[in-house]
Amino acid sequence: MSEKQQRLVFAIIEFLNQAIQDGTVKADDQEGLEVAIQCIGEAFGVDPSNQEQAQKLSVKPATLQSIFDVFLKTRDKVSGPQAASSGPSSQSTGPTPQDKAQAEKHKQTGNSQMSIKNYDAAIESYTKAVELDPTNPVYYSNRAAAHSSKGDHLSAVGDAEKAISVDPSFVKAYHRLGHAQYSLGDYKAAASAFERGLKLEPTNANLKSGLQNAKARITDSDPSDSRPASPPRSAASPAAGAGAGAGLGGLGGMADMLRNMGGAGGGMPDLASIMSNPQLMAMAQQMAANGGLANLMQNPGVANMVRTSFPKMLALINFA
């Protein structure tokens, strides 16, 4: 268990305890939440009553709520001026030819970095491409592949869905999305992603194989064993090029965030990384809109998370 992951769990437990103390959670629900807090702590090896561990893992004076507030404020600052600018020259012309050419160079750099398994550098290159040309779904899709390759399947889900939102006809993004959802253990969501892609390209062998694997796990897996199998592999050999992106949508729930959000090797990012991660900003917005972490315990995924931990998967997929 990485220290970064434990720091996030510690902050969540602090938040839930505070929700009990300040009356956010109804009295009838407090006992069940206390049991859940204990289970989460045991699952991740976090004991808030251990003073030595508390000093090591605490992010005070920051809190989980304050971090999410920063996400929302930062997002509003970033998107506000774009939304406010309504002049004829604002945001309407899109990326210039020079921007697109430079974005392609960054993509090619990312592809080269993927070929030597330098995933963090590849993500950085694809991000630069996205910043120059956010209208190209390939950059989001390639970044999704890079995230999956380093085990950060939650970020890969966001990037794949962003690619789809940019171009719903971009078939490869559905494979990226299905692969990431499968790796998270959400086989129904994976099957749905593969099926959506097959509606656009019924003969796609990768999508067919992914759908078959996902349906097999839904039908045949032991209900008491929610561990994901090895991620489905592409029917074709990986190509030399690459392609990816970032966004959020269709989160598997807070339990998936606890298991999969993070840096290289599946660990949790530090606070500086959290503050600069647009996927987490969007996650904060979604959680706030849904009633916050106080509703976490209603998600059956938490029970699965307590019973088992998911192995990290490596993405072996072709690139654009």
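Five salt bridges are present in the structure, which is a predicted model. Three of these pairs are described below, followed by the confidence of the prediction along the chain.

One of the salt bridges joins the side chains of Asp120 and Lys150, with an N to O distance of 2.5 Å. Asp120 belongs to helix H6, which spans residues 119–132, whereas Lys150 is found in the loop between helix H7 (137–149) and helix H8 (153–166); the pair therefore ties together parts that lie 30 residues apart in sequence. The two partners fall into separate accessibility classes. Asp120 has a relative accessibility of 43% and is therefore classed as partly exposed. Lys150, at 14% relative accessibility, is classed as buried, because the value lies under the 20% limit for that class.

A salt bridge is also formed between Arg143 and Asp159, whose closest N and O atoms are 3.3 Å apart. Since Arg143 is part of helix H7 and Asp159 is part of helix H8, this pair ties together parts of the chain separated by 16 residues in sequence. Arg143 is buried, with a relative accessibility of 7%. Asp159 is likewise buried, its relative accessibility being 0%.

Glu195 and Lys215 provide a further salt bridge through their side chains, at an N to O distance of 3.6 Å. Glu195 is partly exposed, with a relative accessible area of 35%. For Lys215 the relative accessible area is 41%, and this residue also counts as partly exposed. Both values fall between the limits of 20% and 50% and therefore belong to the intermediate class.

With regard to confidence, the average pLDDT of the chain is 73, and 62% of the residues reach a score of at least 70. Residues 81–91 form a stretch in which pLDDT stays under 50, and the model gives this stretch four contacts beyond four places in sequence. The pLDDT is also below 50 over residues 302–318, a stretch for which the model contains 56 contacts beyond near neighbours in sequence.

Definitions and conventions: Residues are numbered from 1 along each chain as its sequence is written. This is a predicted model: local features need pLDDT of at least 70, side-chain atom pairs count only at pLDDT 80 or more; totals for chains, interfaces and linings use all residues. Side-chain values use heavy atoms; hydrogens and water are left out. A salt bridge is a side-chain nitrogen of Lys or Arg within 4 Å of a carboxyl oxygen of Asp or Glu. Helices (H or I, at least four residues) and strands (E, at least two) are DSSP runs, numbered from the N terminus. Buried means under 20% relative accessible area, exposed over 50%, partly exposed in between (1.4 Å probe, protein chains only). pLDDT is the predictor's confidence in each residue, from 0 to 100. Contact means heavy atoms within 4.5 Å.
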